[in-house]
Amino acid sequence: MAESVQPYLRQATSYRRTELAIINGAKRMISEIGFRKLNMIDLAGEAQVSRATLYNHFRDKDAVGLALIQFEVGELIAISAESPVDYLVSLSQLISSNSVLAKIRTSDPELIAKVFQPSGHDLWREVGEVLNKKLGSLAPAVVLWLIGQVLAPISAESARKQAMSILNR
C-alpha cells in the first residue's frame, strides 16, 4: 500500500513546488510593477511555467493575488517569539519590510482597502484565532495596529515601543 501512495505524494510535492514558483514570481513582479499591471502571460514567464500550467493552478489574476495574500499571512501566522513584545515586533517588521505591500501602497492603494478588510474569509478567521491565542483580548487592537503599518510602516524601535504600550494596557 505504501508504494501506491508514493506517486500521489510526488504529484502533491510537484504541484506545491509549481504553485510556490508562481507565487514567488507574482511576488517579484508585483514588487516591481504593482498588482494592477500584473498579467498572467508575463507571470507564466516569470515563474517559468507554461500558461496552461499557470491556469491549471489559478483561474485569473485575482486568484493569484488571493493565494499570495494567503501565503504571506501564513508566514505571519507561523511566527514564534519568546515574548509577546518580540512577537508583535516580528509581525510589525514583516509587514513594514514587505516589498509587495510597499509597491501596492504606492501603485495600487485601493487594493489595500479591499484586501485588508476582514471579511467572512477563512483567512481572517484563522488570523483572528492565532492572535486571540497569543494575545487574548488585545487581538482586535493589534489587528488595527498592524493594518496601520500596512499603510505607514514603522521602524523596529518604534514597533517595540508601541508593542510595549499595547501590552501594558
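Visitor: Is A156 buried, exposed or partly exposed?
Guide: A156 counts as partly exposed, at 36% relative accessibility. Buried means under 20% relative accessible area, exposed over 50%, and partly exposed in between, with a 1.4 Å probe and protein chains only.

Visitor: What kind of model is this?
Guide: This is a predicted model, where local features need pLDDT of at least 70 and side-chain atom pairs count only at pLDDT 80 or more, while totals for chains, interfaces and linings use all residues. Residues are numbered from 1 along each chain as its sequence is written, and side-chain values use heavy atoms, with hydrogens and water left out.

Visitor: Back to A156. Which helix is the place of A156?
Guide: A156 is in helix α10, residues 156-167. Helices (H or I, at least four residues) and strands (E, at least two) are DSSP runs, numbered from the N terminus.

Visitor: And what does A156 touch?
Guide: Leaving out residues up to four places away in sequence, A156 touches V89 and Q93. Contact here means heavy atoms within 4.5 Å.

Visitor: How many helices and strands does the chain have?
Guide: There are 10 helices and zero strands.

Visitor: What share of the residues counts as buried?
Guide: 38% of the 169 residues. As for contacts with a separation of 6 or more, 67% of them are between residues 24 or more positions apart.

Visitor: What is the accessible surface of the chain?
Guide: About 10,000 Å², and 56% of that belongs to carbon and sulfur atoms. Such areas come from the Shrake-Rupley method with a 1.4 Å probe; for residues, only the protein chains shown count as cover.

Visitor: Helix packing next. At what angle do α8 and α9 pack?
Guide: At about 120°, with the axes of α8 (residues 122-135) and α9 (residues 139-151) 9 Å apart. Axes are lines fitted to C-alpha atoms, for helices over the stretch in contact, and angles run from 0 to 180 degrees between N-to-C directions. That makes α8 and α9 oblique to each other. Under 35 degrees counts as roughly parallel, over 145 as roughly antiparallel, 65 to 115 as roughly perpendicular, and the rest as oblique.

Visitor: Which residues make the contact?
Guide: L131, N132 and L135 from α8, and A139, V142 and V143 from α9. By class these are five nonpolar, one polar and no charged. Ala, Val, Leu, Ile, Met, Phe, Trp, Tyr, Cys and Pro count as nonpolar, Asp, Glu, Lys and Arg as charged, and the others, Gly among them, as polar.

Visitor: How do the axes of α5 and α8 cross?
Guide: At roughly 150°, coming within 11 Å, where α5 is residues 84-96. α5 is therefore roughly antiparallel to α8. P84, Y87, L88 and L91 of α5 meet V130, L131, K134 and L135 of α8. Seven residues of this contact are nonpolar, none is polar and one is charged.

Visitor: New topic. Is H57 buried or exposed?
Guide: H57 is buried, at 14% relative accessibility. H57 sits in helix α3, residues 51-57, and touches Y15, T18, E19 and I22, not counting residues up to four places away in sequence.

Visitor: How far apart are the C-alpha atoms of R16 and H57?
Guide: 9.7 Å, for two residues 41 apart along the chain. R16 lies in helix α1, residues 2-33, and is partly exposed at 39% relative accessibility.

Visitor: Last one: what is the phi of Q48?
Guide: Positive, about 60°, although Q48 is not a glycine. Q48 lies in the loop between α2 (40-47) and α3, and is exposed, with a relative accessible area of 73%.
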